Amino acid sequence: TVKLDALSPRLTLLARALTGKNIDVLPAENEGGWKDEAFYLPAAFSKLSTVEQNLYFYLFRVVYLSIQSRENLNWHTKTTSKSLDDSRRKAEETGPQVLQVMEDEFPAVAQFFYEVKPHFETQTCNPKSRPELFWLFGKYMVNKGLNAPPASASPDGDAAGTNPHSP
C-alpha cells in the first residue's frame with residue numbers, strides 16, 4: 001500500500017509546476033478529483049500489483065488532474081444535483097479529451113494508463129456495477145473558483161450541474 005501523506009509534498013510541487021496555480025494535494029474519501037485549487041487523491045492506494053505501479057498511479061492522477069483543470073472539465077454550478085454515478089460517468093466521458101492531451105505532452109504517463117486500464121476494467125464493486133474505471137478518471141466535482149465559465153458554457157452542455165458528494 002502506498003500512502004498519500006508520504007507523497008503529498010512532492011505531488012503538490014508537481015501539481016503546482018504543471019498548473020502554475022497554488023494547488024494543494026489533499027486526501028479524498030475515495031477516487032477524488034479536481035475542485036478549485038485542490039487535487040483530491042486516495043489517502044492510500046494498493047489496487048495494482050506492485051508498489052511501483054501504485055506509486056505511478058499517483059503521478060498519473062496528478063498529471064491527469066492538471067490537464068483536466070487546464071481544460072476546465074468539471075461541474076461549475078450547484079443549481080442541479082448530480083449523483084456520484086453522474087459525476088463518475090461525466091469524468092469517464094471526458095477522459096479521452098484529457099488523454100489526448102496527455103499523449104501529446106506526457107506520452108510515458110499516458111502509456112501507464114493504457115497498461116493498467118485492463119486491470120480496472122475487470123474490477124467491479126458488485127456483479128451488476130460498471131468497471132471501476134473511476135480510479136483512473138476520478139469524478140467531476142463542483143468547481144466554484146475563478147476557472148468557472150459562465151453557466152451557459154458548462155462543459156456538459158447543461159446550464160447547471162453539481163456533485164453534492166465530498167472529495
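In this predicted model, helix α3 (residues 84–105) packs against helix α4 (residues 107–121) at an angle of about 130°, and their axes are 6 Å apart. The two helices, α3 and α4, are therefore oblique to each other. On the α3 side, the residues that meet α4 are Leu99, Met102, Glu103, Asp104 and Glu105, and they face Pro107, Val109, Ala110, Phe113 and Tyr114 in α4. Sorted by class, this contact of α3 with α4 has seven nonpolar residues, three charged ones and no polar ones.

Helix α3 also packs with helix α2, here at an angle of about 105° and with the axes 9 Å apart. Angles of 65 to 115 degrees count as roughly perpendicular, and that makes α2 roughly perpendicular to α3. From α2, the contact takes in Phe60, Val63, Tyr64, Ile67, Gln68 and Arg70; from α3, Ala91, Gly95, Val98, Leu99, Val101, Met102 and Glu105. By class, the contact of α2 with α3 has nine nonpolar, two polar and two charged residues.

Helix α2 can now be taken by itself. At 1.5 Å a residue, the 20 residues of α2 should span 28 Å, and the C-alpha atoms at its ends are 29 Å apart, which agrees. After α2 comes asparagine 72, which has a positive phi near 60°.

Another partner of α2 is helix α1. The axes of α1 (residues 4–19) and α2 (residues 51–70) come within 10 Å and cross at roughly 30°. Angles under 35 degrees count as roughly parallel, and α1 and α2 are therefore roughly parallel to each other. The crossing in which α1 passes α2 is right-handed. Leu4, Leu7, Leu11, Leu14, Ala15, Leu18 and Thr19 of α1 make this contact with Leu55, Tyr58, Leu59, Val62, Val63 and Ser66 of α2. Its classes are 11 nonpolar residues, two polar ones and no charged ones. Within a helix, the spacing of such residues has a simple background: an α-helix has 3.6 residues a turn, so residues three or four places apart point the same way.

The remaining part of this tour is the sheet. In general, strands of a sheet pair through backbone hydrogen bonds, either parallel or antiparallel. Here three strands form an open sheet in the order β2-β4-β3, with mixed pairing. β2 (24–28) and β3 (34–35) stand at the edges with a single partner strand each, so one side of each has no neighbour in the sheet. Between β3 and strand β4 (residues 38–42), the pairing is antiparallel and runs over two bridges. Tryptophan 34 has phenylalanine 39 in β4 as its bridge partner.

Note on methods
Residues are numbered from 1 along each chain as its sequence is written. This is a predicted model: local features need pLDDT of at least 70, side-chain atom pairs count only at pLDDT 80 or more; totals for chains, interfaces and linings use all residues. Side-chain values use heavy atoms; hydrogens and water are left out. Axes are lines fitted to C-alpha atoms, for helices over the stretch in contact, and angles run from 0 to 180 degrees between N-to-C directions. Helices (H or I, at least four residues) and strands (E, at least two) are DSSP runs, numbered from the N terminus. Angles under 35 degrees count as roughly parallel, over 145 as roughly antiparallel, 65 to 115 as roughly perpendicular and the rest as oblique. A crossing is left-handed if the near helix is turned anticlockwise from the far one by less than a right angle, and right-handed if clockwise. Contact means heavy atoms within 4.5 Å. Ala, Val, Leu, Ile, Met, Phe, Trp, Tyr, Cys and Pro count as nonpolar, Asp, Glu, Lys and Arg as charged, and the others, Gly among them, as polar. Two strands pair if DSSP finds at least two bridges between them. The expected span of a helix is 1.5 Å times one less than its number of residues.
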